[in-house]
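Trainee: I would like to go through this structure with you. Please hold each label against its definition.

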Amino acid sequence: TNFGKFWYKRDGNKHRLHAPNGIHILESTDVTVENIVLQNFPKFVLRPQFCKTVRIHRVTINNAGKSIGTNGIVIDSSQDVHVTDCSIATGDKEDAVVVKS
C-alpha cells in the first residue's frame, strides 16, 4: 500500500500533525500480523496499543528516507509482543521499532 503519498506532498510539516497512523490495533488479544508489505505511510506504520499476545512476523516496512515521524512498529502499552523476521526502513532519524509504556 502507498497511503503516505498524499501527506508527503502537503505543504510543509504542519499537516503531518494530523496525519493518521497506518495500522492501529487497539485493545486486542491474540493478534497476528504477517507476510505484508507496507510503504510510504505518513506516521506510525504499525501500532499495537493496549494489546496482549501480538505476533508480528515477516512484515516489510518501507518509508521514504526523508520522511518525518514515520516510525515503523510502535508497541504501545502492550504485553507479550513478538517481532520476528521483519525488514524495516524508516525516515531519517526515525525508529524502526519503538517500545512505549
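Mentor: Start with the terms: helices (H or I, at least four residues) and strands (E, at least two) are DSSP runs, numbered from the N terminus. On that basis the elements of the chain run α-β-β-β-β-β-β-β-β from the N terminus on. There are one helix and eight strands. This is a predicted model: local features need pLDDT of at least 70, side-chain atom pairs count only at pLDDT 80 or more, and totals for chains, interfaces and linings use all residues. Residues are numbered from 1 along each chain as its sequence is written, and side-chain values use heavy atoms, with hydrogens and water left out.

Trainee: What makes strand S3 and strand S5 a pair?

Mentor: Two strands pair if DSSP finds at least two bridges between them. Two bridges join S3 (residues 46–49) to S5 (residues 73–76), so they pair, and they run parallel. Glutamine 49 has aspartate 76 as its bridge partner in S5.

Trainee: In what order do the four strands of the open sheet come?

Mentor: The order is S1-S3-S5-S8, with parallel pairing. Strand S1 (23–26) and strand S8 (97–100) are the edge strands, because each pairs on one side only.

Trainee: Why is glutamine 49 called buried?

Mentor: Buried means under 20% relative accessible area, exposed over 50%, partly exposed in between (1.4 Å probe, protein chains only). Glutamine 49 has 12%, so it is buried. This residue is found in strand S3. Contact means heavy atoms within 4.5 Å. Leaving aside neighbours within four places in sequence, glutamine 49 is in contact with His24, Ile25, Leu26, Glu27, Asp76 and Ser78.

Trainee: Why does glycine 72 count as buried?

Mentor: Its relative accessibility is 0%, therefore glycine 72 counts as buried. Glycine 72 is found in the loop between strand S4 (52–62) and S5. Leaving aside neighbours within four places in sequence, its contacts include Phe44, Val45, Ile88 and Ala96. For the chain, 36% of the 101 residues count as buried.

Trainee: How do you know that lysine 43 lies over the face of phenylalanine 44?

Mentor: A charge sits over a ring if NZ of Lys or CZ of Arg is within 6 Å of the ring centre and within 35 degrees of the ring normal. Lysine 43 is at 5.9 Å from the ring centre of phenylalanine 44 and lies over its face.

Trainee: Across the chain, which share of contacts between residues at least 6 apart in sequence joins residues at least 24 apart?

Mentor: That share is 62%.
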